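Morning, everyone. Please have a look at the structure on the screen.

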Amino acid sequence: MEDTMNLTSKIYTKLPADSKILRETIFVQEQGFEEEFDTIDSIATHIVIYDGERAIATGRVFSSEYERGFRETSAEKVYVLGRVAVSKDYRGQHIGEFLLSEVEKYVTSQGGDAVILHAQCRIRKFYANSGYEQCSGVELDEGCPHVWMRKYFSNQNVQ
């Protein structure tokens with residue numbers, strides 16, 4: 001990360017305006033998605049990364065109890081990460097890695113065993129480099145190829 005950045009993260013239990021603006025800009029305006037906001041926003045925890053006062057990245061995470069078919073055993077506590085977005089002028093500066101780290105800290109603090117996500121195929125290497133493994137074939141989401149990926153935590157102390 002750039003030495004001049006002052007990165008912090010904030011956790012929200014409701015969709016914050018900063019997250020909404022980032023997602024609208026990145027997913028709707030830049031990438032052309034139409035179905036960006038849904039009912040999951042009301043039950044998810046939202047994490048926003050700031051450089052000083054400026055919101056530069058966001059993601060949402062929620063228990064897989066709200067999604068079907070992701071628990072492999074009844075003992076697992078799996079969280080779903082989605083809507084990961086990094087402001088265009090901050091890409092390539094490890095902001096996404098910082099966001100994943102903050103998400104993983106949050107999930108393990110909640111007793112989570114794993115994180116799953118529906119990655120756009122064009123960025124699955126980014127997630128693979130962060131320890132996520134592909135666990136599905138290619139599926140289309142609004143015409144964009146995606147794959148499910150997951151990361152298990154060997155302990156509850158993600159640093």
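I'll take the nonpolar cores, then the aromatic rings.

This is a predicted model, where local features need pLDDT of at least 70, side-chain atom pairs count only at pLDDT 80 or more, and totals for chains, interfaces and linings use all residues. Residues are numbered from 1 along each chain as its sequence is written, and side-chain values use heavy atoms, with hydrogens and water left out.

Cores first. A nonpolar core is a set of buried Ala, Val, Leu, Ile, Met, Phe, Trp, Tyr and Cys residues joined through side-chain atoms within 4.5 Å. Buried means under 20% relative accessible area, exposed over 50%, partly exposed in between (1.4 Å probe, protein chains only).

Which residues touch the most other members of the largest core? Ile 49, Ile 95 and Val 107 do, out of 27 residues. Helix 2 gives the most to this core: 7 residues. Helices here are DSSP runs (H or I, at least four residues), strands likewise (E, at least two), numbered from the N terminus.

Another core lies apart, with 9 residues, including Phe 27 and Phe 33.

Now the rings. Rings of Phe, Tyr and Trp (its six-membered ring) pair if their centres lie within 6.5 Å; planes under 30 degrees apart are stacked, over 60 edge-to-face, the rest tilted. The whole structure has 3 such pairs. Phe 27 and Phe 33 have ring centres 6.2 Å apart and planes at 80°, so they are edge-to-face. Phe 27 is buried at 8% relative accessible area, and Phe 33 is buried at 11%. Tyr 127 and Tyr 132 are also edge-to-face, because their planes are at 75°, with centres 6.0 Å apart. Both of these tyrosines, Tyr 127 and Tyr 132, are buried.
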